[in-house]
Structure formats: C-alpha cells, structure tokens
Amino acid sequence: MSIYDSLNPRQKEAVFCTDGPLLLLAGAGSGKTRVLIHRIAYLIEEKKVNPWNIFAITFTNKAAGEMRERVDNMIGYGADKIWVSTFHSACVRILRRDIDKLGYNKNFSIYDTDDQKRTIRDVVKSLMYDKKMFTEKACMNTISTAKEQYMSVADFKEDAKGNFRLEKMATIYEKYQKQLETSNALDFDDILYKTVELFEHHPEVLEYWQERFKYIMVDEYQDTNAVQFLFVKKLASKYKNICVVGDDDQSIYKFRGADIRNILDFNSYFPDATIIKLEQNYRSTSNILNVANSVIRNNSGRMDKTLFTENGEGEKTAFSCYEDNYKEAEGIAKIIKKLSADTSNYSDFAVLNRTNAQSRVFEEKFMEYDIPYKIVGGVSFYARMEIRDIIAYMKLVHNICDDQAMKRIINVPRRGIGLTTIDKLNSYAIENGICLYDAACSVGKISDIKKAAASKILSFVQMIESFRDIAESGKVSELYAKILEETGYVENLTIEGTDEAKDRIRNIEELNSKIVNYEENASESNLDEFLSEVALISEVDSLSSDNAVTVMTIHSAKGLEFENVFLSGLEEGVFPSYIVTEYGDDEEIEEERRLFYVAATRAKKRLFISVAKKRAINGMTQYNDISRFVKEIDSDLLDLAPSFSKTSNISQIRSVNSYSSTAIKPANPMMTYKEAKEENPLEEGLSYKEGDRVRHIKFGLGTVKSITPVENDYEVVVDYDKHGVRRSYASFAKLKLEML
DNA sequence: CCTACTACGCTTTTT
DNA sequence: GCGTAGTAGG
C-alpha cells in the first residue's frame, strides 16, 4: 500500500510522468493540488530528486501557503528546501540577488497600484497632457498591457508611429519608466519584466537558476500572461521538466493580461509534451456539473474535455426571480436561515456576485436576519491610509529615492511643508535628474525656497537620517517604534479623538503585532524582506474559518468550494456585465461564460440562481433581461418555482426538492421565472407592433423589428438608436409605445 | 496652508 | 449612491 494508491489512474499517470513537458488539464474539483503534492513527493522519494531542485509556482500567496503546508505534511526531510512561491515573490528574490546588473539598486522599492497611479498622474501633469484624454486608468492599462507582453518603451514607440494618441502614450510610458528608475522602484509588472530582462541579457544568471530549478510546476497555468510564460519558458528551456496545470474553462483573468493561448498552444511551445486530462470531479453533484457544462459548451475554442462525477445526481438548481435586489437578498437570507436551522453551520454558504457593489444589500439583510457573514473584498489592511503612511516611512528609509513614499509623508503628520514648497523641490529634482530626497538634502542650494521652509525640510531630513541609523543596526520593530515616537503620528490621532481616529490607532497597533509576528517567524528579519512581503501580500490571503456566510465576487471565489452556493444577479448587464454586453466582443462574452462556469462549480451540494426584475445600481434603477447564461441551462436541470408561486402551474408540481418541500414561505412572495414571464402582457396583448417606436428604460428610443410569441411571452427584437439591435422578453423589457 | 464643498465616475483585480 | 479628487475660499 503506497500513498499513490488513493489516486485514480489518470492522476497516477500525472504523478509518475516526471520527465519532460507535461500539460495537465485539470477540470474544476478534479484534485489537481493533490496531484501536484503527490508528484513532488514522488520526485523526492522515488526519483531521488534533490528538494532544492524543485520549484512550484502559484499565483496567490494563499495557494502558495496551502501548498507549502501540504508539502511539509507529506514530505519529511528537505521539504523546506523546495521553492513554493508566487511568480512575484520568486522574481523579487531573483532580482534582489542580481538586479544591479540592470542598473537598479538591490534595495529597490515595490510600487503598488496606488503608487503607480500617483506616478502616472505626476508624469501626465509634467508633460502637460490633457488628463481627460490620458486618464490614470487608461495610462495604467496601456503601460501594464505593454509590460505584460514584454514590450519595451522602444518597441512601443515603434508600434505607435503615426498614431497621435499612441505616440503620446509612448512618451508617458517612457517618462514613467524613467521616473521609476530615478526612484529605484519597480511596479508589479516590472517585477516579472525585469526578471525576464535579466535572464535575457545575462545568460550566466539564467544558467544559475536553470541549474537550480530542474523541476518546475506551474499551477493555474491558464492565468499566465506573456511575460510569465517567458519566465517559465526560459527557466525550463534547459531541462524541460516542466509541468503546468490548468483549466482553459477557468481562465477569467484576461483583463489582467492572462493569455489563454499559453495553455491552448502548450504543445506547440513544447512539441513533445504529454497531455493528461483529469475529468473526474470529486466536488459537485452531477446536476450542478451539468448546469456548468450546459453553459460552458456554448464557448468555442475550448480544449475537448467533459467533467463527470460519481457523486450522484443531487438536487436541481433552484432558480428564483425576485421583485428587486433587496427582495433577492432577503429571499437568500431566508433560505440560509431555513437551511442552517439544524446545523447552524453558516460557513457552508456562499453568496457569489459579479461585482463588489452587489455585496452591500447582503450585508444589510444578513444583519437584519441575524446571519453571521463576512464580506471578502473592500479595502485591504495595507491599503489603509495610516498603514500606508507608516509603511511609507519605512520604504523611504529603506530606499531613499522612493519619491512616492517621500511625497506621501513629507508633510504627514503636518509639519508645515506645503504644496508650493514641495513643487519647488520637485522641479529642482527634475532639473537635476535626482530624486526628491536628494533635492531635499541640498535644499540650501534652491534659491526659490525661503529660509523658514528650508529649515523645516532640513529637520525632516535629519529625522529620516536618524531612522536610517536605526534601520542599519536594529530590527524592524525598533524602526517602527522610533518612527511612531519621532513623528508623533499616534498623538495626532489621539488629539483628533474621533471614532475614525480611534480605528486608525487600532490599525497601527495591529501593524505592530504583524511586525512582531513577522520577526518571530522569519529566519532572519530584515527591512528588505519585510517590505517585499508587505508589498506582495493581499488581504484575501487570510481567509479565516469563521462560522459565517461568505459574500464575495466570483473572481475571489476561484479555487474555493462550498456546500451551498447562491449566484445572485443573473441578469443581462450585471452578469454578463454591461461593459461586455454593450461594448464587448464574443471573446469577452466567453470570458463571462467561463466566470459562470467557475461560479457554478464552486458548489458541492446545492446551487441557487437568482435574478431581480428591478435593480438599484449606481444610484439608478435598472430593469434587465434574464441573463443569457440562465437561458443556456437545460431547463430540466432547473427547479423553476420553488413552492411559493402565487399562481398554480406545472412548475409547482415540479418543485419536489428537499429544501423547497419543507415550504419556506417568505413574507414577500418571490416571483418565479414563469410568473415573471406571465405577469405581462399576454392578457392585454402588446401595446406596440412591428415598426412602432418604443422606449426602453435603459436603451432609450428604438424601432420594433420583430415580435415572436414564445411560451407565455413574446420575444421582441428592437433596433435601438443608441444601442443597436437587442432582443428581450416583452415582460422584462417593459417597452412603452412612444407617442408622437 | 488648511478645510469644506462640489463634481465626477463608476467590472472583475491573484501581485 | 458613494467615495475620492480637485478647487475655491478662509
């Protein structure tokens, strides 16, 4: 009896296939992490591979942490020698060793999205470009996309030739990159980009890491972008022992540069690659899988793969249609209340939304119904103002050229250094091609700055210098204590005395315990490593095991599983998102469809799908169609009317699953799919006919192209003046005849 | 130099 | 419908 006996034949095959390139197509819930762990064990125990030579790459710290733990549990000797790490933290380690070869200093700062945004803002301003035309968002997107594709400033310029806007973008990219160099800082994309650049220009460095990592494994491979692929490809090009695990159907990060072709074309990059499919699902019932399958099969260009399970049929997916999003949240709250009555096990439930904004109502209703819940997402701990401020002090001490850190704290807490003074410092720095702090050091030479202001700046510089002395000799916690003491940060908050200020003080204390905790766990505590860790951490990583319902976006739910899953807001314009339905192409619709697939396959036992006829979004009220994804589900997989319909129809007879037969009777009767269709306008007939001008609540004026009767309703095709041709159900669209 | 008000602008977000 | 960012006024 060996540890490998518990694996199914396909899984075994994957574990034993250790040499040469391997593509593991692992469907949702097919036990891929298990396979990876067993594969590592097999490499070490049977193939006598040195743990030192194994590298497992994940996307999230959470995934890395989980894998680390499971590896440690399974493998005794040498487990700690295996690199289990995210792309970014691996690259940071590689860069800390050799980035000086690219002209950066080894104590580089890591700029997060906010630092990036501010830098871009400064750049656009200094170029005097129209900030309406070159919004931070657009610039960030452009630069990020370029870097994700390993496109240099020079390449970008070349491509931009003749295009006015792109040429300006190229200038922004160039200046932005210059600014980062002056600040000795890398943004998230640079971390990958610079590593690949290092490999490319310094073969001896690449050689070193190729020898180090003879066996490479990449999890969630469908989410890799071009530069990540280059990184992996270069590392693996010598020994070619590369195993990638992914599921093309679960690729949901295209908007962040993930390139699905990396998985679809894997065997053209590695011609002799073995391909193994894991198609047995151990998580969900077949009814749930079939819901997922019936939707995802509408995508083209998938790898051929069909999930099956031996878990039994299970219950049908309950479909409910509510009056509005408040009733929807309330209905879900009631079902949870009912279902958890015996067990009180709230952690078995998850509400998955398309957008974060949808969470709000659930928060309200769960409070009202006394259901413990936790909302994933929102402002992360390290994004809080006070935490960023303190960290900015540390970052400046660590890397004196970090201009964003400098700008953040030069007058925080208030020390009378105003915007005009900072502007003067800034122009001096730009003129001389130096960083802000260096400019501050020679403030005496800047004639524009008056004596009074100059002395304030000098005392700031002196303070930072004293911090640097501590950082040289002491621990992170000592530096932290010194910073708080000298700046009087907490005192300022205490004087404020508001509840908000008290919260902030608590957060600062929390930061202290995080630092202490770090020092206890890290092998050697240094500022360098601490700051890297902080920069690359995210709050979602600490998913606690509270007894609470989880409310989150589908994106954050990836990789998780729950007994009961509620998918809310299955409406056109919500899911799929209006951005895609209005401006997107087929590919983007397919990504939304994959998102639905990911969402549905999170459920183990029961899946609930709901829509609201009326939804309050961004301060407006919208009336949306039922999502196309619902219509794609085979209707016999759906329980259309869980017991409480007000009219008797066949759907009542069909509702025989266990939860609905226990007759949950909401105070406000839910609307069912059929009712929604019936409610209107069959009895009176439609007020409009083909060729009429009608008004849609969202799309405005349009001309009716055709009206087709369907079961209990009409499908109306309208050519809208502003939004083009759209089809909707008459009962949902509530079209009004436009009187002339 | 700091505070208060208005205007704007909205998907998803592993790092 | 809310949070942020930029501007005007004290």
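Which residue lies over the face of tryptophan 52? Arginine 212 does, at 3.4 Å from the ring centre. Some notes follow.

1. Ground rules. This is a predicted model, in which local features need pLDDT of at least 70, side-chain atom pairs count only at pLDDT 80 or more, and totals for chains, interfaces and linings use all residues. Residues are numbered from 1 along each chain as its sequence is written, chains are lettered from A and ligands numbered from 1 in the order in which they are written, and side-chain values use heavy atoms, without hydrogens and water.

2. Charges over rings. Arginine 212 is one case. Lysine 168 lies over the face of tyrosine 129, at 4.5 Å from the ring centre. The test: NZ of Lys or CZ of Arg within 6 Å of the ring centre and within 35 degrees of the ring normal.

3. Aromatic pairs. The whole structure holds 29 of them. Rings of Phe, Tyr and Trp (its six-membered ring) pair if their centres lie within 6.5 Å; planes under 30 degrees apart are stacked, over 60 edge-to-face, the rest tilted. Phenylalanine 87 and phenylalanine 231 form an edge-to-face pair, 6.1 Å centre to centre, with 65° between the planes. Phenylalanine 87 lies in helix α4 (residues 87-98) and phenylalanine 231 in helix α11 (residues 226-236), so the pair ties together parts 144 residues apart in sequence. Helices (H or I, at least four residues) and strands (E, at least two) are DSSP runs, numbered from the N terminus. Buried means under 20% relative accessible area, exposed over 50%, partly exposed in between (1.4 Å probe, protein chains only).

4. A second pair. Tyrosine 221 sits in the loop between β6 (215-218) and α11, and phenylalanine 266 in helix α13 (residues 266-269), 45 residues apart. Tyrosine 221 and phenylalanine 266 are buried.

5. A ring cluster. Ring pairs link Phe55, Trp83, Tyr208, Trp209 and Phe213.

6. Strand β11. Why call strand β11 (residues 317-324) largely enclosed by the rest of the structure? Because 7 of its 8 residues are buried. Strand β16 (residues 603-617) runs parallel to β11, joined by 6 bridges. Here phenylalanine 319 stands opposite isoleucine 609. Strand β18 (residues 638-639) is also parallel to β11, with 2 bridges. Threonine 317 stands opposite leucine 638 there. Two strands pair if DSSP finds at least two bridges between them.
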